[in-house]
Amino acid sequence: MDCVFCKIVAGEIPCKKAYEDELVLAFYDIAPQAETHILIIPKEHTLSSAGQVTMEDAPLLAHIFGVAAELSQTLGFTGGYRLCTNVGEDAGQTVFHLHFHLLAGEKLGRMA
Ligand code: AMP
């Protein structure tokens, strides 16, 4: 599959890793939209977006949210952070491999 995030997981495209375990990879966004902008992705490309999530994916989603919370503590985002995901082209999704944006490190503006 021609997927940029699968290539990052496979090590074919370099990334700046923030966190990794057997299920997920977190790395810095190449075009940051906040002081800190990290993407958290499942390593396995089974879901193209949150629009495909079913109840069976609950453990994976909880894991991703847990990784976001731990990363935020590790990186010292005491003021908070934004965790968001785009579903489909109208929302601006450009990579169709499920991912969550972790935005932090500054006072964030209101979402559109
Ligand atoms: P979305 O637009 O919600 O699908 O988010 C995709 C994100 O992936 C964008 O914020 C891009 O800047 C980011 N991105 C695309 N290619 C890379 C890459 N090679 N390394 C890091 N981030 C990337």
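Biologist: What makes β1 and strand β2 (residues 24-28) a pair?

Modeller: Two strands pair if DSSP finds at least two bridges between them. β1 and β2 share 3 bridges in the antiparallel sense, so they count as paired. Lys-17, for instance, has Phe-27 in β2 as its bridge partner. The strands (E, at least two residues), like the helices (H or I, at least four), are DSSP runs numbered from the N terminus. This is a predicted model: local features need pLDDT of at least 70, side-chain atom pairs count only at pLDDT 80 or more, and totals for chains, interfaces and linings use all residues. Residues are numbered from 1 along each chain as its sequence is written, and side-chain values use heavy atoms, leaving out hydrogens and water.

Biologist: Which order do the strands of the open sheet have, and what is their pairing?

Modeller: The 5 strands follow the order β1-β2-β3-β5-β4, with antiparallel pairing.

Biologist: Why are β1 (17-20) and β4 (81-84) called edge strands?

Modeller: Each of β1 and β4 pairs on one side only. Neighbouring strands of this sheet are turned by 15° against each other on average, direction ignored. Axes here are lines fitted to C-alpha atoms, for helices over the stretch in contact, and angles run from 0 to 180 degrees between N-to-C directions.

Biologist: How do you know that helix α2 (residues 58-75) packs on the sheet?

Modeller: Helix α2 touches β1, β2, β3 (36-42), β4 and β5 (100-104), where contact means heavy atoms within 4.5 Å. The direction of α2 makes about 150° with that of β3.

Biologist: What makes β5 largely enclosed by the rest of the structure?

Modeller: Buried means under 20% relative accessible area, exposed over 50%, and partly exposed in between (1.4 Å probe, protein chains only). In β5, 5 of the 5 residues are buried, so the strand is largely enclosed. Phe-100, Leu-102 and Ala-104 point one way from β5, while His-101 and Leu-103 point the other way. In a regular strand the side chains alternate between the two faces of the sheet.

Biologist: How many bridges link β5 to β3, and how many to β4?

Modeller: β3 and β5 pair over 5 bridges, and 4 bridges join β4 to β5. Both pairs are antiparallel. Ala-104 in β5 is the bridge partner of Thr-36 and stands opposite Tyr-81.

Biologist: Is Thr-36 buried or exposed?

Modeller: Thr-36, in strand β3, has 13% relative accessibility. That is under 20%, so Thr-36 is buried. Beyond four places in sequence, Thr-36 touches Tyr-28, Phe-77, Leu-102, Leu-103 and Ala-104.

Biologist: Why is Leu-83 called partly exposed?

Modeller: Leu-83 lies in strand β4. A relative accessible area of 23% falls between 20% and 50%, so Leu-83 counts as partly exposed. The C-alpha atoms of Leu-83 and Leu-102 are separated by 4.7 Å, although the two residues are 19 residues apart along the chain.
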